[in-house]
Amino acid sequence: MNAVVQEQEKVATVATGNSAIERTSQYYRLKADVEDFYYRESDLLDERRFREWLDMLADDIVYFMPIRRNVKFGQHAARENTKQGEGMSWFDEDKWTLSKRVDQILTGVHYAEEPLSRITHMVSNVQIKAVRPDLNKPSELEVTSRFLVYQNRVEYETYTFVGRRNDTIRVTEASWKVARREILLEQNVLLAKNLTMFF
């Protein structure tokens with residue numbers, strides 16, 4: 001019976017990115033854990049528990065949101081997104097700058113966050129693209145997801161942000177940490193007055 005179950009687990013293999021991850025029970029447990037990790041992160045941000053959210057980030061985190069450009073057909077891969085460390089971007093931050101942004105919001109006198117915005121994060125389409133070294137003992141994951149962030153300020157200011165995230169998540173015995181996050185906002189021109197929220 002055990003051999004039959006193991007054989008069934010090996011049958012469902014789907015190519016994701018540049019690797020093939022077997023759809024075993026270990027994979028589905030890991031995927032559920034990743035989704036729970038993202039849901040907790042969303043709750044912390046929506047409940048304005050920013051310092052607890054910072055604890056979910058690795059000390060050497062790279063937090064990057066490129067500016068999206070309008071380019072000719074065939075040039076998207078090379079030119080649509082600005083490059084990290086080159087030119088302009090919406091965010092090109094580390095743990096220190098993210099901490100300073102949190103500190104600024106929590107002063108209560110932030111020019112664009114007093115009163116504080118009401119924000120809801122929705123995360124979907126979570127996919128594990130790579131597991132290092134393997135499913136038996138994962139230490140690092142490459143994960144993609146989609147997001148929708150709704151922001152309401154004061155009375156009538158409302159903004160919706162839609163996009164994708166490419167994350168590297170470190171798995172340790174103590175906790176999981178976001179080690180890298182690339183945020184691809186599906187806008188060329190920023191339609192909101194500012195970008196004070198976290199993605």
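How much accessible surface does the protein have, and what share of that surface belongs to carbon and sulfur atoms? The accessible surface comes to about 11400 Å², and 52% of it belongs to carbon and sulfur atoms. Such areas come from the Shrake-Rupley method with a 1.4 Å probe, and for residues only the protein chains shown count as cover.

Before I continue, a word on the basis of these values. This is a predicted model, in which local features need pLDDT of at least 70 and side-chain atom pairs count only at pLDDT 80 or more, while totals for chains, interfaces and linings use all residues. Residues are numbered from 1 along each chain as its sequence is written, and side-chain values use heavy atoms, with hydrogens and water left out.

Let me turn to the overall arrangement. The protein has five helices and eight strands; these are DSSP runs, numbered from the N terminus, with helices being H or I of at least four residues and strands being E of at least two. Read from the N terminus, the order is α-β-β-α-α-β-α-β-α-β-β-β-β. Of the 199 residues, 43% count as buried, where buried means under 20% relative accessible area, exposed over 50%, and partly exposed in between (1.4 Å probe, protein chains only). Among contacts with a separation of 6 or more, 61% are between residues 24 or more positions apart; a contact means heavy atoms within 4.5 Å.

I now come to helix H2, residues 25–46. This helix has 22 residues and reaches 31 Å from its first C-alpha to its last, close to the 32 Å expected; the expected span is 1.5 Å times one less than the number of residues. Its buried residues include Tyr27, Leu30, Lys31, Val34 and Glu35, and also Phe37, Tyr38 and Glu41.

Although arginine 48 is not a glycine, its phi is positive, at about 60 degrees. At 35% relative accessibility, this arginine counts as partly exposed.

A second residue of this kind is valine 154, a residue other than glycine with a positive phi near 50 degrees. Valine 154 lies in the loop between E6 and strand E7 (157–171) and is partly exposed, with a relative accessible area of 46%.

Finally, a cis peptide bond joins arginine 132 and proline 133, with omega about -5 degrees. Proline 133 is placed in the loop between strand E5 (118–132) and strand E6 (140–153).
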